[in-house]
Structures are given as C-alpha cells and as structure tokens.
Amino acid sequence: MTHFSWYVDAPIVGLYLLATMVAGIMVRKYVGKVEHFLIAGREMNVYLGIASLAATEFGIVTCMYTAQNGFDKGFAGATPGILSAAAMLVVGLTGFCVRPLRDAGVMTIPELFQKRFGPRIRWLAGVVIVLGGLLNMGVFLRTGGEFLLLVCGFPPQGAADPGTLGGFLGVHTLEIAMTVLLLTVAVYTILGGMLSVLVTDFLQFVVMSIGLIAVTVLILASPDIGWGRLVAAVEEHHGAGGFNPFVHPQMGWQYVAFNALLNLAAVLTWQTTIQRLLAAKDTRTGMRVYSRTSFFFVCRFLIPGIWGIAALATLAPAAVGGNTLHAMPKFLGTFVPVGLMGILLAAMLAADMSTDSSYMLTWGSVIYNDILAPFRKTPWSEKKGLFWNRTIVALIGLFLLVYGLWYPLKGDLWTYLGVTGTIYLASMSVLLVACCYWKRANSWGAAAAIIFGAAIPVAYLVLEQVWKVEAIGAAGQAVTRSVIRETIGPYYSGIATYAIAAAGMVVGSLLKPRRAGPEGPAA
C-alpha cells in the first residue's frame, strides 16, 4: 500500500506548485519582445544555464525510462548516460559545431542553415525538427501522469462506474492528471516564455536535486536493500550483461553504437539543449554550460537506474505485471515514507514541469521562427509576434494532450524516444557538421540528408505498429509480435539512418557543384 498522505504530502506538493506558478508569472512583465520570449534576450549566465539545462533534461519521463533501463538491463542500462556525458564534455571543451553556431547569432538551427543552404532548406529543416520533437514529446504527459498515479496508489485506469461523478473521476484519473499537469505548465510558459522557464528551472533544479539525493541515500542506507542487494539482484537477473552492455542479450555493440551516434547528435542539435547555448550571453558561456553540465548526464541515468534496480530486488513479478515501466513508481510508493513522499513528488513535478515547459517553448520557437517565416512577407510587430508565439505554445499543449491519450507505446520507452528523436537528429547533425566544416556542402546534399534521415525512422515507427504476426508465447498463450522490431530492430535501423543521412549529404552535394551567393561559406 502506498505511503502517500493527503494530510502531510499533499500540502508539500501544493505549496511547491503555488511557489512555481507565482515565480513563473511574475517575470511576465519583462517580456516585451520575441527575443525575450524565445531566448531570454541572450542574457543567461553559466550557473543559471547549468541549472536550467540540468532541470530541462530531467523530467518524469527521464526518470521512468532510466529506471526501466535499470530494471531491464541492470547497471549496463546507464550506458547512454555515460555516452551523453562524454559527448557533452568533448563538445563543451572543443566548441565543435557549437562555437560557430553561437557566433552566428541565430535563434534556431534552421536559421543558420538558411545562410548556407537557402530558405527552402531552412523551412524543411524546421518541419522535420518539429515532427521529430512533437512525436518524441508526445508520450511525456502520459508517462508523467502514470508515475504520479502509481506512486500515490491510484491505478492509471480506474474501474468505477462512470455514470457518477466519483466514478467518472475514477475511470479518467490518468486523463485528469495529464490535463492538470499540462495546464499548470502552460500558464507560466505562455505568459513568460523563456524568462519564466529559466526562473522556474532554477527553483525546480534545487527541489529536484534534494528529492533525488534524499531517495537515493534512503535506498542505499536501507538495511533491507543497500548496495550489496542491488549488485546481487543484477547478477541474479542479468548476469554479466547487467554490468557489460556488449554481452547483454538486449543490447550488444549495435546498442552502444546507436546510442553513441544518438547522444552526439543530441548534444549538437537537440533543440532544448541548443536553446540554452543560444540564450547564453556569449559563446564561452555556452561552452562552459556544456562542459560543466556533462557529469549530470551520467547522474540522470544512474540515480533513477538505481531506483529501478531496487524495484528489481524487492518487487515480486506479480507486482510488476507485464509493464516494467511501472516497476519503479510502484516500488517508490511502498518504500518512501510519509513526508519524504511529498518532497519526492514535488521533486518529480519540478523535473516534469521544467522539461514540459522547455520543450513546448522549443518546438514553438522553431514553428514561429522557421516554418512560419515564408508567410511573414513583412516584419511582424513585437506584439503580434508574442501573440503568435503564445498561441503556438498553447496549440502544442493541446496536441500533446490528445497524442498522449491514444498512442500505444511499444517496447521500452528509451528506444521509442531514440527512434523518434532520430527523425531529425540524424539529418540535422549531418547538416550542422557540413555547414560548419565542409565547403562543398550545398542544398542538394542537405535536402537528401533531411529526406532520408527522416524517412527511415518514420517508416520503422509505422511498420512497428502495422507489420505484426501472431505467435505462441512461452506460457502457451497467443501473443502479437512486431516483425520489424524482431528482425531488424531499432538499433540497426538507427545506425543505418545516420549513415544514409551522411551519405545523402555527400552524394547530393557532389552531384550539384556549389555556387556563390546564398550557398557560400558559412560565417
């Protein structure tokens, strides 16, 4: 039975939500221009950038998929975090791609591409970024709602009579939780934009850190769990594969290679990360934010991974059911004591609100700055620009609510996020490297990289849902299996996406000799 208390924990959560809303709304008066709304007037310093980036890249969805990795793969599940930290550190120290990007003074990556490849590539890049980003974020609300309900002891889908008010609330608990989460975040994001996001990110980073550290210390210090039992559980359930990704049956070299490509591409072009770089007061500040935040990317996989391993060590298979994504919140609901439970929920809400607000603003900025650019024949006034930015953020929130309710997530959550992210990460990373460092790159190569880079993961996602066969499971029951997932898998198709996107850039560029003018060298 859950330890959540309406008399102790609920007031803690309520006070935190109130403080966040007040802080986020108070900065609304400082938003007078589109530049303030999207990139906070380029005034972000190192410490605010570190807090904002760390808070943005750790939401409830992050906690859920990293804990699922720990449950399903043991300590080897932290491999993507190690690869991400390495990429952040190297890019931050060297300035690879991010230095010329920040020096260009743009507000989005597609805006840089226009300088080298022309306005059509800018528009196409914006479309692909938004497509991949919204599909990626589409599961955030559902995942966050499921976590909160499971920790508090509510089933995601109730079984009450929907004919009464109480029954309706019982049946639609998940939908109600998702809607409340969205409305809370949307209010201050729509009003204050990036300024509200940065201010609330700092508060959320502090609360999130307290909750993460407190729960982890409690697990390691527990006489019933402790480090020894965590290691023993991984050895028992995963053997050597729980410590070495190359020998784990669900991972292997292809898992490591795909995640290495994925994380490097995300460091270079993931729009929420890049938005912090572009909001920094100068290039050196942006690079320092990268290098100093790098170790956090190990922690964001390792700490929830420990929670997932603790669930593996303590929960009976019947308690987990068939969905390992729910193992960690079920464990926390029965392990964390009253009082600390309120701090934990406030920390998770802090993490989720920071992530959701930043992502909504990020994709909105690309829609406004790049996709709608051809429709602005004359410059819009600041008032009109702010109105449309706020409208776009509101519409994104509505899409996320609808998409989160109906999309049937298959397989593990991290793989889904990796595949949807690759829709634009593969092509945009290739375009960015070519734009900065290859003089022969031109619009033909850019178009080929974008088209092939998006087509392969989209095709994989569609075929995963429609190309299925009936088979007999281990217990003799009929099960439905995805043919493409079991024959090709997301890792081989992901590696192929990056390779083909790069080949498309090279071949397309060589087929069309570069011309002077809009396709001249990048600044």
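User: How many cavities of 30 Å³ or more does the structure hold?

Analyst: A cavity is a space where a 1.4 Å probe fits but cannot get out. In this predicted model there are three cavities of 30 Å³ or more.

User: Which residues lie nearest the centre of the largest cavity?

Analyst: They are E57, Y65, W270, R300 and W414, out of 24 residues that line the largest cavity.

User: Which helices supply that lining, and which gives the most?

Analyst: Helices 4 (60-73), 5 (79-94), 13 (253-269), 16 (296-314), 19 (340-371) and 21 (413-437) each supply at least two residues. Helix 21 gives the most, with five residues.

User: What lines the second largest cavity?

Analyst: Its lining consists of T66, N69, G70, G74, F75, G77, A78, F301, L302, G305, I306 and I309. Helix 4 and helix 16 are the elements that give two or more residues to this lining. The largest share, five residues, comes from helix 16. By class, the lining of the second largest cavity has six nonpolar residues, six polar residues and no charged ones.

User: Which residues have the most contacts inside the largest nonpolar core?

Analyst: A nonpolar core joins buried nonpolar residues through their side-chain atoms. The largest one here has 141 residues, and F113, I219, W307, M348 and L431 have the most contacts inside it. Helix 19 provides the largest share of this core, 18 residues.

User: What does I219 touch?

Analyst: Leaving aside residues up to four places away in sequence, I219 touches I225, G226, L230, I306, W307, A310, F331 and F335. Of these, I306 also lines the second largest cavity, and W307 is among the core residues with the most contacts.

User: How far does helix 24 reach, and what span is expected?

Analyst: Helix 24 covers residues 489-511, which is 23 residues. From its first C-alpha to its last it reaches 32 Å, close to the 33 Å expected at 1.5 Å a residue.

User: Which residues of helix 24 are buried?

Analyst: An α-helix has 3.6 residues a turn, so residues three or four places apart point the same way. In helix 24 the buried residues are G489, P490, Y491, S493, G494, T497, Y498, A501, G504, M505, G508 and S509.

Definitions and conventions. Residues are numbered from 1 along each chain as its sequence is written. This is a predicted model: local features need pLDDT of at least 70, side-chain atom pairs count only at pLDDT 80 or more; totals for chains, interfaces and linings use all residues. Side-chain values use heavy atoms; hydrogens and water are left out. On a 1 Å grid over the protein atoms alone, a cavity is a set of points where a 1.4 Å probe fits but cannot get out, and a pocket is an open set with protein on both sides within 12 Å along at least five of seven lines; lining residues have an atom within 4 Å of a point. Grid points are joined across faces, edges and corners, and a volume is the space filled by probe spheres set on the points. Helices (H or I, at least four residues) and strands (E, at least two) are DSSP runs, numbered from the N terminus. Ala, Val, Leu, Ile, Met, Phe, Trp, Tyr, Cys and Pro count as nonpolar, Asp, Glu, Lys and Arg as charged, and the others, Gly among them, as polar. A nonpolar core is a set of buried Ala, Val, Leu, Ile, Met, Phe, Trp, Tyr and Cys residues joined through side-chain atoms within 4.5 Å. Buried means under 20% relative accessible area, exposed over 50%, partly exposed in between (1.4 Å probe, protein chains only). Contact means heavy atoms within 4.5 Å. The expected span of a helix is 1.5 Å times one less than its number of residues.
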